[in-house]
Amino acid sequence: MRVLVTGGSGFVGRTVVAGLRAQGFGVRILARGTRELVEGVETVRGSVVDGQGLEAACRGCDAVIHLVGIIAEVGAQTYRRVHSEGTQNLLAAARVAGIRRWVQMSALGARAGAAAEYHRTKWEAEEMVRASGLEWTIHRPSIVFGPGDGFVGFFARMSRWSPVLPLIGGGGMQFQPIAVEDVATCFVGALGRTSTVGKTYDLCGRERFTLRDIFRQVLEVTGRRRLLLPVPWVVAGVQARMAEILFAKMLGRTPPLNRDQLLMLREDNVGDPGPMIRDYGLEPADFRAGLRRACLKPES
Ligand SMILES: NC(=O)c1ccc[n+]([C@@H]2O[C@H](COP(=O)([O-])OP(=O)(O)OC[C@H]3O[C@@H](n4cnc5c(N)ncnc54)[C@H](OP(=O)(O)O)[C@@H]3O)[C@@H](O)[C@H]2O)c1
């Protein structure tokens with residue numbers, strides 16, 4: 001089976017691609033090419049936003065693993081264009097290529113009427129996939145941890161140079177982190193399991209942690225002592241606005257924080273791992289052990 005992995009050069013994508021290759025799948029990646037390509041894997045350069053390269057990417061493939069997503073808006077890369085319109089564009093190209101199997105990356109919290117545009121547009125993409133007539137499976141992870149990740153790893157890297165870690169809104173919101181290897185196991189595993197067709201899964205660990213718990217564990221694992229500083233929502237809002245202007249507008253880069261992410265942080269990011277554990281035969285990795293591996297990598 002030949003699989004198109006969109007976003008295969010990203011943090012999650014690289015582990016999914018490695019998992020597919022280890023299982024003997026043929027793999028092709030679609031990405032714009034803004035980051036290092038994956039050695040030894042055919043890559044089609046294109047964008048789900050303008051539709052360029054999508055038909056070429058789908059041609060000759062049997063399945064799509066659609067991972068493309070953004071955590072912050074920069075220029076033409078808006079949540080709506082990338083998540084909703086991007087999924088629509090790719091579905092159209094998959095239909096032309098006669099592809100029948102589709103595994104979609106969504107996120108916990110995706111729902112109609114959500115406060116955050118990220119969640120609303122992830123939901124719109126889910127609805128398009130559900131209405132596509134394809135054999136689909138949808139995965140909704142909590143925060144994904146692993147070497148080089150953009151959340152736990154971001155704060156671990158920050159703790160190298162910053163004397164404080166910011167407890168946004170007091171840091172009481174809950175997460176149910178999942179290891180990137182477990183996420184990849186589900187995406188690869190879905191392809192061989194017809195029982196997962198037509199189902200939407202939460203991908204999350206067994207345990208729930210507050211932001212404060214996560215910071216404490218990062219500091220324990222790295223052996224650092226830092227002040228955990230509560231940052232009121234209003235202050236975080238000003239910082240997020242400034243980061244959007246400086247990074248996204250002036251530098252054309254992804255800001256470290258934006259106002260949509262603050263809306264998401266106002267909610268717990270938790271789910272039910274039961275169906276994932278049952279259908280994929282997976283025991284999710286322990287967060288503390290995984291954190292040790294992620295934090296002890298040189299980039300952390
Ligand atoms: N990481 C998490 O904790 C987490 C949690 C829940 C859900 N998710 C979802 O998981 C997915 C992957 O996340 P990630 O952390 O691996 O992200 P990432 O590291 O930023 O990777 C994103 C990938 O998408 C590609 N891409 C971006 N815009 C594109 C476009 N317009 N057309 C084609 N390719 C494009 C990027 O390559 P180029 O830049 O070269 O195009 C890259 O390969 C996303 O959908 C995200 O919303 C992640």
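These questions and answers walk through the sheet, the helix packing and the ligand shell of a predicted model.

User: Which residue stands opposite Ile65 in strand 5?
Analyst: Strand 4 covers residues 63-66, and strand 5 covers residues 101-105. The two run parallel and are joined by 4 bridges. Opposite Ile65 stands Val103.

User: Is helix 3 roughly parallel or roughly antiparallel to helix 4?
Analyst: Helix 4 spans residues 117-130, and its axis is 8 Å from that of helix 3. The angle between them is about 10°. Angles under 35 degrees count as roughly parallel, so helix 3 and helix 4 are roughly parallel.

User: How many charged residues are in the contact of helix 3 with helix 4?
Analyst: Helix 3 brings residues including Tyr79, Arg80 and His83. Helix 4 brings others, among them Glu117, Lys122 and Glu124. By class, the contact has 6 nonpolar and 5 polar residues, and the charged ones number 4.

User: Are helix 5 and helix 7 parallel or oblique to each other?
Analyst: Helix 5 (residues 152-161) and helix 7 (residues 211-222) have axes that come within 10 Å. They cross at roughly 55°, and the crossing is right-handed. The two helices are therefore oblique.

User: How many nonpolar residues does the contact of helix 5 with helix 7 hold?
Analyst: From helix 5 come Val152, Phe155, Ala156 and Ser159. They meet Ile214, Phe215, Val218, Leu219 and Thr222 in helix 7. No charged residue takes part, 2 are polar, and the nonpolar count is 7.

User: Which helix gives the most to the shell around the ligand?
Analyst: The ligand is surrounded by 30 residues, and the closest include Gly7, Arg32 and Gly69. The shell divides into 15 nonpolar, 12 polar and 3 charged. Helix 1 (11-22), strand 2 (26-31) and helix 3 each supply at least two residues. With 3 residues, the top contributor is helix 1.

Definitions and conventions
Residues numbered from 1 in each chain as written. Predicted model: local features only at pLDDT ≥ 70, side-chain atom pairs only at ≥ 80, totals over all residues. Pairing = 2+ DSSP bridges. Axes fitted to C-alpha atoms, helices over the stretch in contact; angles between N-to-C directions. Parallel < 35°, antiparallel > 145°, perpendicular 65-115°, else oblique. Left-handed = near helix turned anticlockwise from the far one by under 90°. Contact = placed C-beta atoms within 7 Å. Nonpolar A, V, L, I, M, F, W, Y, C, P; charged D, E, K, R; others polar. Near = placed C-beta within 6 Å.
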